[in-house]
Amino acid sequence: MDAGGRAARSASSGTARRAPTGRVLATLILVAAVANLNLSVANVALPDIGDALDASQVQLNLVAVGYSLGLSASVLYLGAVGDRYGRKLLLLIGTGLTVPFSLLAAWAPSVEVLFVARLGGGLCAGMAFPTTLALISALWSGPGRTRAIALWSGIGAAFAALGPLAAGWSLTQFWWGSVFLLTVPLAAVAFVLAIVLVPSHVNESVEPVDHLGGVLSVLLVGSLVMGINLLAVPGRAGLLAVLGGTVVGAGTWFVLRQLRAENPLYDLRVAARPTFWVAAVAGLIIFGSLMGAMYIGQLFMQNVLGYSSVAAGAAILPGAVGMVLVAPRSAALVERHGSRATMLSGYVFVLLGFLVMLLLWREDVGYWAVGLAYLLVGVGVGLSGTPASNSLTGSVPVQRVGMASGTADLQRDLGGAIMQSAFGALLAAGYASSMATAISGDSDLSDLTASTQATLEKSFAGAESIASQYPQYSDEIVAAARESFLAGDQWAYLAGIVAVLLGSLLVLLAFPRRDRERELRARYQPPSET
């Protein structure tokens with residue numbers, strides 16, 4: 001770009017940044033809401049999908065994580081593309097393409113097609129979602145930026161939590177595919193508002209994009225998430241070896257490339273800043289915990305407690321309320337006490353939520369324990385989400401904010417993909433192990449054919465299907481399936497507790513205290529850039 005082009009872009013940026021409006025922020029939050037809602041709408045429909053498409057628990061895990069997989073694998077690359085070629089353009093393309101992928105998911109004839117549709121929808125979100133936070137960071141500065149990020153973070157996470165309720169209602173009125181149509185009108189409205197209200201070329205980079213680094217980042221993240229999903233699948237050692245080799249190879253090449261490239265896609269020297277990498281890991285754990293808890297919780301409420309899809313979706317509402325009420329207040333806590341103390345307070349609430357799940361979520365538990373767990377997790381995410389995202393954007397130059405916004409998206413998407421995958425793998429392994437033990441210990445069930453026993457061990461939905469075929473064993477099969485599910489979900493809750501404890505220890509020991517954090521932020525973003 002010549003000097004005149006740079007001057008024009010700079011002038012455009014300055015004008016836009018002097019007067020960002022509430023309507024612009026609302027539009028960016030709505031665009032982000034499309035992605036956040038899509039992250040969770042599949043969870044409520046999983047039992048219906050499993051029954052309609054004859055899907056195994058592992059296949060259901062892939063459907064649940066497919067959207068996160070596409071989004072998490074692409075955000076680093078596409079965030080850099082938006083920085084260079086236009087964040088608004090990428091936002092419009094991603095939001096517009098959401099519609100056809102949603103339609104494909106709604107009418108998918110097989111679980112394989114459904115997974116492809118979810119993956120494609122995630123890639124579209126990878127175009128739109130990173131640009132929302134990047135634009136917020138470019139348009140606002142100081143405490144105003146912290147408040148805007150708090151609203152973006154809290155409302156976005158609340159939309160993810162409201163997804164199951166909307167999907168549950170849809171399932172009572174229509175077929176399972178209708179849950180994937182919920183975001184279509186939102187995407188259409190967001191697309192129009194973005195054309196009219198969102199400014200173009202706000203402090204964008206003129207440096208070339210490291211496309212090779214982008215491709216390597218896609219291979220690295222995509223292989224990592226797929227490998228986690230397949231860990232519990234028998235007979236996949238060869239594929240796991242290939243995925244593991246890809247992670248190691250792509251990861252090594254990516255690091256070497258970023259250290260040597262003149263204009264790296266992901267500046268590892270910036271990423272090494274304590275306000276960046278600690279916040280990145282802390283946010284990954286906190287948002288991953290939310291998505292993992294929602295995923296396992298939906299299955300628990302429908303399979304064990306017998307909740308309808310609507311009731312299971314509504315059960316999460318305390319979490320959404322907690323996030324919406326607490327997130328704006330977390331901005332004031334960050335300004336007063338610093339990011340470290342605010343993040344740690346959020347971790348305490350998330351830990352309490354997982355302890356309630358581990359200790360109280362049983363077959364005869366009342367709703368109060370379900371609502372309490374989600375309220376605690378929601379408050380924790382509301383407290384920790386703002387400082388985790390704000391620390392990232394405050395650690396990079398505004399021209400490279402796509403790197404920070406991509407990482408912030410990875411907190412949600414890679415965190416959600418990893419935690420859902422890990423929780424799902426532990427649930428599947430624990431369920432299969434417990435069901436196999438139950439079958440071998442029951443003379444009636446052990447007389448069933450080997451293929452029938454394999455179906456029983458495959459998933460809760462498979463057990464329900466077998467129970468309907470063998471009414472004489474129905475009560476025994478359902479009871480064994482519920483007991484096996486409870487054995488599997490205990491493994492998941494314990495994993496969540498361990499992750500939260502490790503994350504809180506990292507923040508406590510490695511994230512700078514308030515005064516030091518302010519010194520570092522002033523150094524990382526001089527007044528001329530903010």
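Predicted model: local features only at pLDDT ≥ 70, side-chain atom pairs only at ≥ 80, totals over all residues.
Residues are numbered from 1 along each chain as its sequence is written, and side-chain values use heavy atoms, with hydrogens and water left out.

Threonine 407 is found in helix H16, which covers residues 401–440; helices here are DSSP runs of H or I with at least four residues, strands are runs of E with at least two, and both are numbered from the N terminus. Not counting residues up to four places away in sequence, threonine 407 touches Leu76, Tyr266, Phe276, Ala280 and Leu392, and a contact means heavy atoms within 4.5 Å. Leucine 392 is 15 residues from threonine 407 in sequence, and their C-alpha atoms are 7.6 Å apart in space.

Now let us step back to the whole protein. There are 21 helices and zero strands in it, and buried residues make up 60% of its 530 residues. Of the contacts with a separation of 6 or more, 84% are between residues 24 or more positions apart. The protein exposes about 19,000 Å², of which carbon and sulfur atoms supply 66%; accessible areas come from the Shrake-Rupley method with a 1.4 Å probe, and for residues only the protein chains shown count as cover.

Next come the helix pairs. Two packed helices are described by the angle between their axes and the distance between the axes. The axes are lines fitted to C-alpha atoms, for helices over the stretch in contact, and the angles run from 0 to 180 degrees between N-to-C directions.

How do H14 and H15 lie relative to each other, parallel or antiparallel? The axes of helix H14, residues 339–360, and helix H15, residues 367–393, come within 7 Å and cross at roughly 155°, and H14 and H15 are therefore roughly antiparallel to each other. Angles under 35 degrees count as roughly parallel, over 145 as roughly antiparallel, 65 to 115 as roughly perpendicular, and the rest as oblique. The crossing of H14 and H15 is left-handed, a word used if the near helix is turned anticlockwise from the far one by less than a right angle, with right-handed used if it is clockwise. By class, the contact of H14 with H15 has 19 nonpolar, eight polar and no charged residues; Ala, Val, Leu, Ile, Met, Phe, Trp, Tyr, Cys and Pro count as nonpolar, Asp, Glu, Lys and Arg as charged, and the others, Gly among them, as polar.

H15 also packs with helix H11, residues 274–303, at an angle of about 155° and with their axes 9 Å apart, so that H11 and H15 are roughly antiparallel to each other. Their crossing is left-handed, and the residues of the contact of H11 with H15 divide into 15 nonpolar, eight polar and no charged.

For another pair, the axes of helix H2, residues 22–53, and H7 come within 9 Å and cross at roughly 150°, which makes H2 roughly antiparallel to H7. The crossing of H2 and H7 is left-handed. The residues making the contact include Arg23, Leu37 and Asn38 of H2, together with Thr183, Leu186 and Leu197 of H7, and by class the residues of this contact are 12 nonpolar, three polar and one charged.

Which residues does serine 102 contact, leaving aside its neighbours within four places in sequence? They are Asn38, Phe180, Leu181, Thr183 and Val184, and serine 102 is buried, with a relative accessible area of 6%.

Finally, let me turn to some loops. Alanine 108 lies in the loop between H4 and helix H5, 111–139, and counts as buried at 5% relative accessibility. Leaving aside its neighbours within four places in sequence, alanine 108 is in contact with Leu53, Val113, Leu114 and Trp176. Alanine 55 is found in the loop between H2 and helix H3, 57–85, and at 2% relative accessibility it counts as buried.

Conventions. Buried < 20%, exposed > 50% of the residue type's maximum accessible area, 1.4 Å probe, protein only.
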